[in-house]
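User: Please take me through the classification of individual features in this model, setting each value against the criterion behind it.

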Amino acid sequence: MRDLSQRFPRFRSAGRARPGLAALAVGTALLGTLAGPGPASAADPKFSDTAQVVAVEVPVQVVVDGQPVRGLTADNFEVYDGRKKQPVTGFEVLDLSSPETLKKGAVPAAARRHFLMLFDLSFSEPKSILKARQAATDLVLQDLHPTDLVAVATYRASKGPQLLLSFTSDRKQVEQAIAALGAPELVDRNRDPLQLTAMAPKTGSARTAPIQGGGSEAKEGAQEAVADFLESVAQESQRLERQTQKNQVNALSRSMADLARLMNSVGGRKYVVYLSEGFDSALLRGTESQEEMEQSQAAAASGEIWKVDSEKRFGSTEAVNDVEKMIDEFRRADCVIQSVDIGGLRGQGDQGAQRASGRDSLFQIAKGTGGELYENFNDLGDAMGQMLQRTGVTYVLTFQPDDLKFDGTFRRLRVELKGAPKGARAVFRPGYYAPRPYTQRAASEKLLDAANQLMGDDLGTVPSAVLVAPFTTKASKAYVPVVIEVNGAALLAGSQGNILPAEIYAYAFDSAGVIGDFFTQTVGLEKNKVEAALRQSGLKFFGHLELEPGDYTVRVLVRNGVTGQSSLRIIPVRVPDRQAAAPVLLPPLFPEAPGKWLMVRETPRGDQQQADYPFLLKQQPYIPSSLPVLAPGQDTQIALVGYNLGTGDLQLTAKILGADGREVGKADLKGVQKEAGAAPDRLVATFKPPQQPGEYRLAVTFMTPAGNAEASAPFNVAGSGGAGR
């Protein structure tokens, strides 16, 4: 389900506004320049309200004899919300077997598969867990599709489900989280609030040894340490009285139901890979011992009712009800449990008690949610291969209910096929929950929702703009400033109380989905001190990433911690190699006068490199605009920064592109001057933006003997509803 009001409403530019007051300096060199108000810009963006419309996205798989059906269109589907047929307003297809899927840049969030690897530490033998870690790792690294998102969690009777890693595309983080699941301090020491990382990005370091690699002695020592911990956990559940076992099953059911409700906040198709040996199913259906049943019958026939243990004979009604409620919660959350009997993953030479009666409980949990039971498979990928193939094609149907109340109630869905191949069957979610007020959600749900948003589409109700500019340094990693501008009126909308927590999350993913670096920060804004400055223009945040050379996608999520209103910006960036001789040009930079924004700088991280402030013009610092709003037809100064741009005569051209990417005219760069002795290469020039208001890009090309360097940056011309974000 997606709230369409989260698409960026356009800004309206009108007149001049009073200059804002700067609160914090962006860099040490700027401490003096940001102390007071500066001149107003030619036109400042204003926030305009939008109507709230909710779109419900329904992922559907269509299968015949276990094989996915391809080639269907929107005309092949009918969607019912309750008893009411809904018009399909959106239709997307994701085929994981198509090479085009990987080329798309962005996969529809509702079509992505989400796999939660859930390790049951209480109802499993330690040796089984060790084998299950390897099986789960092989599944993630070898069999899942690159677009699949994976999370890692554990279950302990004493603590319930614990999320070690949120849904991420970073397979290295998943591998390390699985390897370290025997270390209870892992989550406590994780500095990533969204839990998208389980180790320092791009390092491969972890708090326990990985499953693969390292010497045999080191590996054996790590395995023994984890086995010792798992043995202590297993002792919590073994050799207990039946009443205690029943209590544990009830605790499992109720805490897993809580997990299902948490998973409801995650979009897309969700699968819990439940790695466990299961619990004694006699607690649900009673004893299977013929001798015990005959003894109970004899006691009842002789009138010795006190000798008949009804729960032992027929099972616990309370436990049955709790398990059914748990299964129903997973069904409602569109979450399928794939049970893996990890007792069968132990080698034949392994000794230890077998939980033979646990198979039936695993089977019941899986079948109740539409999943399957996998047993005696050491290659989990082969075992789940049919399921992975069957779910390889997803049709995403979208409709907009007109009578939806924001009360969190469950609404049933039905999808029917028209004109589909004979024998085709549609697999779809049984329903959806209406939105609930953000303030009623648990803190864990809010964080998981933020992580889910970060991996989703470029949407939001809080207009924002992001500038990412990579600067090479003497270190192996580049210094990459991330300048975030947030519309103040939108950020303030609906906030209660004096403190406004502005949450900022920035993550850089490489082309393989691996997280190169990230930073997060919550800025507590005292409204009685800064509200006027925020309404003047907004919040401007200066942070940075440290990235190795390569291509990245930087995802920046800004969220009001009180209302949950947010925005996501997705910026592609190429980090140059300082050793390369090819010319490189950063996006054109638009210096702006100080005093326009409420400025906040990132809180320094202990492991970050010390770098000089990079935005300099004739040795003087300036603040670049992430999305400048320019006056029509007036000369505008730009700064050009690059590497290996040559020492002779400058040969460069520029053009102006429209919002559709087509050229709308040449940009006559005037007064081009190169700063002598500067490193990197720095130039200054001016150009005139178009007279027509709207959204544009300035594209600049440098021509050198070693090749051409091209870069572009967005700008808006004031006077239209499209001027700004």
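Analyst: A helix here is a DSSP run of H or I covering at least four residues, with numbering from the N terminus. The model is a predicted one. On that basis, helix 10 is followed by Gly370, whose phi is positive, near 90 degrees.

User: Which residues of helix 10 (residues 358-368) are buried, and what covers the buried residues of helix 10?

Analyst: Buried means a relative accessible area under 20%. In helix 10, Gly358, Ser361, Leu362, Ile365, Ala366 and Gly368 are the buried residues. Their cover includes strand 12 (269-276), helix 9, strand 13 (335-341) and strand 14 (373-375). As a general point, an α-helix has 3.6 residues a turn, so residues three or four places apart point the same way.

User: Why is Gln453 called buried?

Analyst: Gln453 has a relative accessible area of 19%, and the limit is under 20%; Gln453 therefore counts as buried. Gln453 belongs to helix 13 (residues 443-454). Leaving out residues up to four places away in sequence, Gln453 touches Leu557, Arg559, Ser566 and Leu568.

User: What makes the pair of Gln453 and Ser566 a polar contact?

Analyst: The side chains of Gln453 and Ser566 are joined at 2.6 Å. The criterion asks for N or O atoms within 3.5 Å, one able to donate a hydrogen and the other to accept it.

User: Which strands hold Glu485 and Lys540, and are the two residues buried or exposed?

Analyst: The salt bridge of Glu485 and Lys540 has its closest N and O atoms 3.0 Å apart. Glu485 is in strand 20 (residues 478-487) and Lys540 in strand 23 (residues 538-547), so the pair ties together parts that are 55 residues apart in sequence. Glu485 has 4% relative accessibility and counts as buried; Lys540 has a relative accessible area of 0% and is also buried.

User: What makes Arg574 exposed or buried, and how is Asp551 classed?

Analyst: Exposed means over 50% relative accessible area, with partly exposed between that and the buried limit. Arg574, at 61%, is therefore exposed, while Asp551, at 37%, is partly exposed. Asp551 and Arg574 form a salt bridge whose closest N and O atoms are 2.6 Å apart. Asp551 lies in strand 24 (residues 550-560) and Arg574 in strand 25 (residues 566-575), so this pair ties together parts 23 residues apart in sequence.

User: How many salt bridges does a search of the whole structure find, and which residues are linked in a network?

Analyst: The search finds 29 salt bridges. Arg441, Asp449, Glu503 and Arg559 are linked in a network of them.

User: What makes strand 15 (residues 393-399) mostly covered?

Analyst: Seven of the seven residues of strand 15 are buried. On one side these are Val393, Tyr395, Leu397 and Phe399, and on the other Thr394, Val396 and Thr398, which leaves both faces covered. In general, side chains in a regular strand alternate between the two faces of the sheet.

User: How do you know that strand 15 is paired with strand 4 (residues 54-64), and how many bridges join strand 8 (residues 90-95) to strand 15?

Analyst: Pairing requires at least two bridges. Strands 4 and 15 have five, in the antiparallel sense, and strands 8 and 15 have six, also running antiparallel; both pairs therefore meet the criterion. In strand 15, Thr398 is the bridge partner of Glu57, and Thr394 that of Leu94.

User: Which residues have the most contacts inside the largest nonpolar core?

Analyst: They are Val272, Tyr274, Phe330 and Tyr507, in a core of 44 residues. Helix 5 (residues 242-263) gives the most to this core, with eight residues. A second, separate core has 36 residues, including Leu130, Leu139, Tyr271 and Leu380.

Definitions and conventions
Residues numbered from 1 in each chain as written. Predicted model: local features only at pLDDT ≥ 70, side-chain atom pairs only at ≥ 80, totals over all residues. Heavy atoms only, no water. Core = buried A, V, L, I, M, F, W, Y, C linked by side-chain atoms within 4.5 Å. Buried < 20%, exposed > 50% of the residue type's maximum accessible area, 1.4 Å probe, protein only. Helix = DSSP H or I, 4+ residues; strand = E, 2+ residues; numbered from the N terminus. Contact = heavy atoms within 4.5 Å. Salt bridge = Lys/Arg side-chain N within 4 Å of Asp/Glu carboxyl O.
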